[in-house]
Amino acid sequence: MKHDRVELWIAVAIVFIAAISFWVARSYEPFTAGLGRQRDDVYFENIAFHLARGEGVMLDFTNEEWRRPFDEANQAGENNWILAQRVRGITTSRSPGFPLLMAAVYQVAGRNWVAVRVVNVAILAVALTLLVRVVVRYFGWGIGGLALLTLLGDAFVLQTASQLMTESLATAVTCFLFVAVVELTAREESGGAETREHKRQRLWPWLGVGLLYGFGILVRANLNAWLALICVGLGAIVLGRLWRRIPLGPLLVPAVAFGLGVALIAAPWWIRNCVLTRAFGPSGTSGTFSLAGAYCDKAFSNGGNWDEETVLGSQQRSLQRPGFLSHSLPEQEFLMAEDSRQMARDWVAKNLEKLPVLALKRAQSHLGFYGHPEWLMFLNGLLIFGAVIGCIASRQSFGWWIAVVIGMSVLTTMLTWSHYGRYSIPIRPLIHVGSAIGTFAFWRFVLGLSPKR
């Protein structure tokens, strides 16, 4: 078919590269920018530096070679907070997926932040191109072209390629996973009888999806929460099939293959974190660090958004405990996380009646309806309204998968915390796709009600 021509999709990828580069150049963090604007980017880069040297997932702010570029670019004192850090040791506080990518770039191009940003652009462009391609395959160029155009204008998503953070890579992984699952489920919906050969053919692709999801867990810890929701959903489906006496084989083969793939990648990371912290904390301490800022008065009064000042106060309280600094860095991180968790528990115990409202505020902020200009929130509202229609009107399981991904993202945010919509960036391309489908469905419905002339 014409829309499967390789040259066409190379051209679409180039368009995405140009658009991402345009938004990066206009952002406050262009290709040649230093680090520190996001704060967490410094920690990710420090881990990447040591990974590239074969030293494992660790932090060491005392390394003179690592400190040199920050010292040289400190004319106005903007890097004082970085140079004042003295943290050193193996860490469980950051996910290693993005630092692993950065370390791979360093092996080829040296410690080059521009090169990392270029790789970010390329990966994100390929992911978005594949997403548009699968939309065109199922719905044609009208809907695929509209999704392409609206995506090209989403600076919120595209400019993350300039940040040495996890958002850009997480967006790409989400797109890759969505495309793979849609293609596999469509193939199975059109498949024939369940034979041994058919089972074998299904095993390897779903194993690959599991491997990719496992890497996604290493990129963004919140995919652990998504995995829990997936397990709950699978359990409900299994019970439903047993109740209706439907064979489990067609479901169990992909489920087991997917679970095995996830475990092959993520289980070593889970086990490592539990061993280092000497407690049950498979996803590390990055999430629990922030609980105090998620469940507090300031978060409630600020649209449910995570409050950094409260988290820093929790960490300072931990540092003042007698003997705290005698522990290893992973143990210190775990103790800080426990203190943060206890502060959150105390607040919850005193404010149970506020929890439903807090959860709704988080969902509102997560979907882009807090802390942004009114005109932008209006456009965002149209986009999400279109996505809801698209999920309902979509053919086969396409809309179902869009709804599942968006639903998991919103639900986990309601249970954890939001930050002015930043954590919704990986799902925004799917919102654009759903909105394009919904826009066409809406106008078909409206024109269908119009009187004939």
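What follows is a set of questions and answers about one predicted model.

Residues are numbered from 1 along each chain as its sequence is written, and side-chain values use heavy atoms, with hydrogens and water left out. In this predicted model, local features need pLDDT of at least 70 and side-chain atom pairs count only at pLDDT 80 or more, while totals for chains, interfaces and linings use all residues.

Colleague: Which helix of the protein chain has the highest mean pLDDT?

Modeller: pLDDT is the predictor's confidence in each residue, from 0 to 100. The protein chain averages 90, and 95% of the residues score at least 70. Helices are DSSP runs of H or I with at least four residues, numbered from the N terminus. Helix H10 (residues 196-219) has the lowest mean, 85, and the highest, 97, belongs to helix H5 (residues 97-109).

Colleague: Is Thr129 buried or exposed?

Modeller: Thr129 sits in helix H6 (residues 113-139). Buried means under 20% relative accessible area, exposed over 50%, and partly exposed in between (1.4 Å probe, protein chains only). Thr129 has a relative accessible area of 7%, so Thr129 is buried.

Colleague: Which residues does Thr129 touch, leaving out those up to four places away in sequence?

Modeller: Contact means heavy atoms within 4.5 Å. With residues up to four places away not counted, the residues touched are Trp9, Val12, Ala13 and Phe16.

Colleague: How many disulfides are in the whole structure?

Modeller: A disulfide is a pair of cysteine sulfur atoms within 2.5 Å. For Cys231, the nearest cysteine sulfur is that of Cys274, 16 Å away. For Cys391, the nearest is that of Cys175, 15 Å away. A search of the whole structure gives a count of zero.

Colleague: How far apart are the end C-alpha atoms of helix H19?

Modeller: The expected span of a helix is 1.5 Å times one less than its number of residues. Helix H19 (residues 398-415) has 18 residues, so it should span 26 Å. The distance between its end C-alpha atoms agrees, at 26 Å.

Technical notes. Helix = DSSP H or I, 4+ residues; strand = E, 2+ residues; numbered from the N terminus.
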